[in-house]
Amino acid sequence: MTGYPRPIDAPSPELLQRCVHCGFCLPTCPTYAVLGVEMDSPRGRIRLMETVWSGRVDVAGHTFQKHIDQCLDCRACETACPSGVEYGKLVEGARSQLELARKRGPLARLARTVGFRVILPRPAVLAGFVRFSAIARRLGAARVLRILGFGRLGDLLALVPTRVSSQRLPRSFAAIGARRGRVALFTGCVMRAAFSDTNAATARVLARNGVEVLVPGEQTCCGALHAHAGARDDSRALARRNIEALEALDVDAFIVNAAGCGAHLKEYGWLLKDDAKWRDRAERFASRVRDATEYLAAVGLVARPGAMRVRATYDDPCHLLHGQKIKDQPRELLRTIPGLELLPLVEADMCCGSAGTYNVTQPALSKALLERKVEHVVASGANMLVTANPGCQMQIDAGLRAARANVPVMHVMDVLDKAYETA
Amino acid sequence: MTATERTLRAGIRGRPLIDGLVRLLGPSKVIGEHPEDLLIYEYDGAVDTATPDAVVLPDDTADVAALARFCHEHGVPIVPRGAGTGLSGGAIPVEGGVVVSFARMSRILEMDVANRRAVVQPGLINLHLSTAAAPHNLHFVPDPSSQKACTLGGNVAENSGGPHTLAYGVTTNHVTGLEIVLSDGTIVRLGGKAEDGEGYDLIGAFVGSEGTLGLVTEITVKLTPLPEDKRTILAAFPTMDQASASVSAIIASGLVPAAIELMDQLATQAVEAAVGAGYPLDAGGILLCEVDGLRDGLDELASRIEAICRENGATTLRRAQTVLEREKLWAGRKGAFAAMGRLAPAYYVQDGVIPRTRLPDVLRTVSEVSKRHGLRIANVFHAGDGNLHPLVLFSDMRELERVHEAGLEILTACVEAGGSLTGEHGVGMEKNCYMPLQFRAEDLALMRRVKTAFDPADLANPGKIFPTPSRCREFQLHATR
């Protein structure tokens, strides 16, 4: 028991001591809601991180590994915390230490390297992978895999959306009408490989509202999945590439339509805080990042959307609501659509279990949370579920399909774009 | 406290205890297989810690009874735990033993709207009950500041209050029935849905007994109609003296507000940073006052309160205009303790009660104590009840002795002013040494006989409420010095 292997990235005592262990976070924590044990609560995990510093808990031991791994990093506890504990930073710090301390088999190491260093940073490779998976899924490969005993791979394949899109976007979208702003679109990795239609829709909605949109080609994956999984150096390498590619652009904001990416891009300053050469550039970059809904709600819509007859409900992506404190903007935008009735959703603020790669690494807990989410969506009476993050979209869509509920899942920007088409 | 200073009484411990519990209840209900897990049950919302020998998560009353029989047979203490939000160490296993977490017994068993009763399990979160009752226009009145997280079982154990108990009473006034498991495993049912029963008021004895008489496994509570409307007033004063004078003046005028809360400048800083409710940061004291009931006449009541505040020097008066604004003001007040992490890494909160009219001079004593010990003390409290909550801020456990000293001086001032040690947080292991300040030996001996009647083996949350020789020696030396 020797504390943390690399203290500079470890959960710092300064951040930890903000916690006064009041317990307000417990009921908002999805894993505590499902498991009911203190080790799987934010307060318990903070205690674990503290006890490593005092030498009573071993980073490589069962308790630390299991319960830090089981955290969704949804950050609902941050919203609940009156003392302002920055839990996301803490758990990502803890994960980075776990990765250094943990012994992985050669196969698991290879899978991580291929996933994080080969596939995610290369949109073309990722897009090929997604297209291949989509075809396999349509051919019923999920069932075949399950029959062959690869149940987990089968479950994974079931997550691949029914429709994927990966076409290249034009380099720019001209503002329609008087120009009110100029932004750069962050196209992401999964968004570009599987949801490029949503990227195009985001650009069109912005353009219709007088915003010129640039789509720079040099950008790469934001590195959020890497940071969540404890691979901070990989995440930092990607951050430097994105800063380099985008910082010189003469734009009002960097627009993101994936909540997970947005939350991470806004924390580039923290990610590179110990890198004297990059820290300030990273801070400046981060201060220019806006979620698409945040930006649009702030500048206001000038073009009126057309009518849509739909009973919709909105599920908050955790990294939009808890990570970026964006709650009202997407709902306000949806309410501008005539005919769209926005129904309340119970536990809209609770994670659906997608959580980056969580549905891959913790299938049982992820499934329990997904079933909870699907139950609430069905009970809401909505015939469309709207959200604002690709991971949530894929997860909830898979859950609703499995439950044979005829409720399509759409991104806010796709809904707005569709409404504009009919205007 | 280190393990060696503790009086450990567990008859069996370690592997044999864990194995026995697993054989009894199955592995999914027992924590202890991995000893590091137990470190995560050694704390609650306050400052005292102690590591349990095992943690058990029962699913139902039968599990609890089986566990109690097992512990009785082997001489193992049992300590109930709700959400671990307590502020007097109630859930801390000071003498070792098994911590019983009620996290998995959290259902509403029955919602009897016609009779305005609910039957619930002890692990149910306080706010979840009111949320479930709201569609029927009902709510559960006691609303501790931790109501988003704390459990009904914990509320029963501590006889919890909250801002709105000024007009409506504390937990004991809202419980009509209990199912309890005694420390030998006997299941006892007290009361039911009816208001009164014959015989001794054992529900009254049990509510507030802090787990020392047994474990509660089912609770029947009153539900109360939601008021038709509310008015919430924020009044800012240059000094705490003026703010507390207003409290006395409001009560003296014959008005009975639903809640009157006070906050000083230090507390306001933390709260405003947490919720951004628009609390004025330059005020010396802030009063939050709510009136509720039938809509007609509420505005007049609110105006009378505002007039009294103005006469007493209020510089800002604001009435919440929207539900959202009211909720924000309350979120600030209710998150006040929990927001203290913004000011300091740790706090020690006192819970003394004093006659309302003594507010100004006891508050001055608090401020003297703060200066004398060089410790920052934030004040946020139920002024209407005269229930103080001085929060002694500190940053290092090595300061704890000084912090306890300051706390003791404040409590002594409360008792000397004709008040009591605790209003709603319980005695626990935090104030048990101070009990002789308020109770004579004869009084404590009678209480001890009540405890013995329920728990002859002294296995139900031992080391709480009553002064213990091992832990209180230091205090007794201190007191006689």
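How many residues of chain A are in contact with chain B? The count is 27 residues of chain A, which meet 30 residues of chain B; two residues are in contact if their C-beta atoms, placed from the backbone, lie within 7 Å. This is a predicted model, in which local features need pLDDT of at least 70 and side-chain atom pairs count only at pLDDT 80 or more, while totals for chains, interfaces and linings use all residues. Residues are numbered from 1 along each chain as its sequence is written, and chains are lettered from A and ligands numbered from 1 in the order in which they are written.

**Where chain A touches chain B**
- Helices α3 (42-53) and α4 (62-69) of chain A each supply at least two residues to this side; helices (H or I, at least four residues) and strands (E, at least two) are DSSP runs, numbered from the N terminus.
- The most comes from α3(A), with four residues.
- By type, the side of chain A that touches chain B has 12 nonpolar, 11 polar and four charged residues; Ala, Val, Leu, Ile, Met, Phe, Trp, Tyr, Cys and Pro count as nonpolar, Asp, Glu, Lys and Arg as charged, and the others, Gly among them, as polar.

**Strands in chain A**
- Strands β1 (residues 172-173) and β3 (residues 211-214) of chain A pair in the antiparallel sense over two bridges; pairing requires that DSSP finds at least two bridges between two strands.
- A:Phe173 has A:Val213 in β3(A) as its bridge partner.
- Strand β2 (residues 181-185) of chain A pairs with β3(A) in the parallel sense, over four bridges, and A:Arg182 stands opposite A:Glu212.
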